[in-house]
Amino acid sequence: MIIHKSSKYHSLKIVVACDGTMEKGLKLLNEEEDVKDGIDERLADNDEMESSFASLVPKYQMMSILNYDASLCELHLAYYDFEHDATALNGIIDSCPLETIHLVSCKLSKTTLTAIGTNKTLRRINLECNNIGPDGAIALTEGFNTTTSTNSSCLVQVHLGMNHIGRVGAAALSSKMLLACPSIKVFDLRYNKIGNSGVACVAKALERTLLLKELFLDGNGISNMGALALARAVKVQEGLQRLSLDENVIGDVGVAALRDAIRFSVSLRSIGLYHNACSVSLVQEMEGLFCKEM
């Protein structure tokens, strides 16, 4: 586990590494005496420093570390299991003025996802590679139905790639989060197996959003039907600048529809279509349209 604290930005970054070298380092550190007191002392000594502080920390100290600073505005955690004991994590999400939360490859409980959804200060959410599934996606959106949630005026970036949310999760996130937060500029659902029915929900919400600039839907099994739904949304959407559809199964019919939609779009500058089922000539033709716009 690497802990990184910067007093200048009031941020805390903790990474539990899985490689053998780091595990050996953790074992040696666990064998030291008074490790906890030493780490707390070193953290306190760095309160006035602008430079970062880094140290190896054994897993059993996670609770005291998370309870260390109530003024954190950034929290970065990776490779840690919070599925069965999320008390400390939920506490910091509820009590700290967090603007950025970055939880990658952590086992997250539904209570944690609900806490994130109801947080009033978050601007950037990154929950990639957590396998939250459709139920987790729904839990994340529960807070957007409450009168106490003020995320609609704060949230700017949402990254939820590689979580297996499927069609149900995509529908919930699109209808509740994306529409409830008109401030969102980046919406990332890459590699979530949402399919055409899921992307249809995203497209429907896309038609009604104003500030969304970048939409990532790579690797979702989207074919011509899903591309047609997106093309209809692109025609009326006035803010989208980047649409990423790499590694799907979109054929010539879908790409042609997207190409035609570009002519109506006042904002779109890029559509990613690498590794799809379409002809190279159509993609090149589309790229030519963007070049003319520029």
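Guide: A residue is called buried if its relative accessible area is under 20%, exposed if over 50%, and partly exposed in between. The structure here is a predicted model. In helix α9, the residues G226, A227, A229, L230, A231, A233 and V234 are buried.

Visitor: What do the buried residues of α9 pack against?

Guide: They pack against α8 (195-206), β10 (242-244) and α10 (252-262).

Visitor: How do you know that the reach of α9 is close to the one expected?

Guide: The expected span is 1.5 Å times one less than the number of residues. α9 has 13 residues, and 18 Å is expected. From the first C-alpha of α9 to its last, the model gives 19 Å, close to that value.

Visitor: What makes α10 mostly covered?

Guide: Of the 11 residues in α10, 8 are buried. They are G254, V255, A256, A257, L258, R259, A261 and I262.

Visitor: Which residues have the most contacts inside the largest nonpolar core?

Guide: That core has 72 residues, and those with the most contacts inside it are F187, L217, L243, L245, L258 and I271. Helix α9 (residues 224-236) gives the largest share, 6 residues. In soluble globular proteins, nonpolar side chains tend to be buried together.

Visitor: What is L217 in contact with, leaving aside neighbours within four places in sequence?

Guide: The partners of L217 include L189, R190, I194, L230, L243 and L245.

Visitor: How do you know that the charged end of R190 sits over the ring of F216?

Guide: For an Arg, CZ has to be within 6 Å of the ring centre and within 35 degrees of the ring normal. The charged end of R190 is 4.7 Å from the centre of the F216 ring, and the pair is counted as sitting over. Aromatic pairs are another matter: the structure holds 0.

Visitor: Why is N126 called buried?

Guide: The relative accessible area of N126 is 12%, and the limit is under 20%, so N126 counts as buried. N126 belongs to strand β6 (residues 124-126), and a polar contact of 3.5 Å joins its side chain to that of H102. H102 is also among the residues that N126 touches, along with I101, L103, V104 and H159.

Visitor: Why does N119 count as buried?

Guide: N119 has 6% relative accessibility, which is under 20%, so buried is the word for N119. N119 lies in the loop between α5 and β6. A polar atom of its side chain is 2.8 Å from the backbone nitrogen of T121.

Visitor: What is the phi of C129, and what is that of H164?

Guide: Phi is near 60° in C129 and near 55° in H164. Most residues other than glycine have a negative phi. C129 has a positive value although it is not glycine, and so does H164. C129 is in the loop between β6 and α6 (133-141), while H164 is in the loop between β7 (157-159) and α7 (166-180). C129 is partly exposed at 31%, and H164 is partly exposed at 38%.

Technical notes: Residues numbered from 1 in each chain as written. Predicted model: local features only at pLDDT ≥ 70, side-chain atom pairs only at ≥ 80, totals over all residues. Heavy atoms only, no water. Phe/Tyr/Trp six-rings, centres within 6.5 Å; stacked < 30°, edge-to-face > 60°. Core = buried A, V, L, I, M, F, W, Y, C linked by side-chain atoms within 4.5 Å. Buried < 20%, exposed > 50% of the residue type's maximum accessible area, 1.4 Å probe, protein only. Helix = DSSP H or I, 4+ residues; strand = E, 2+ residues; numbered from the N terminus. Contact = heavy atoms within 4.5 Å. Polar contact = N/O pair within 3.5 Å; in protein donor to acceptor, adjacent residues only side chain to side chain.
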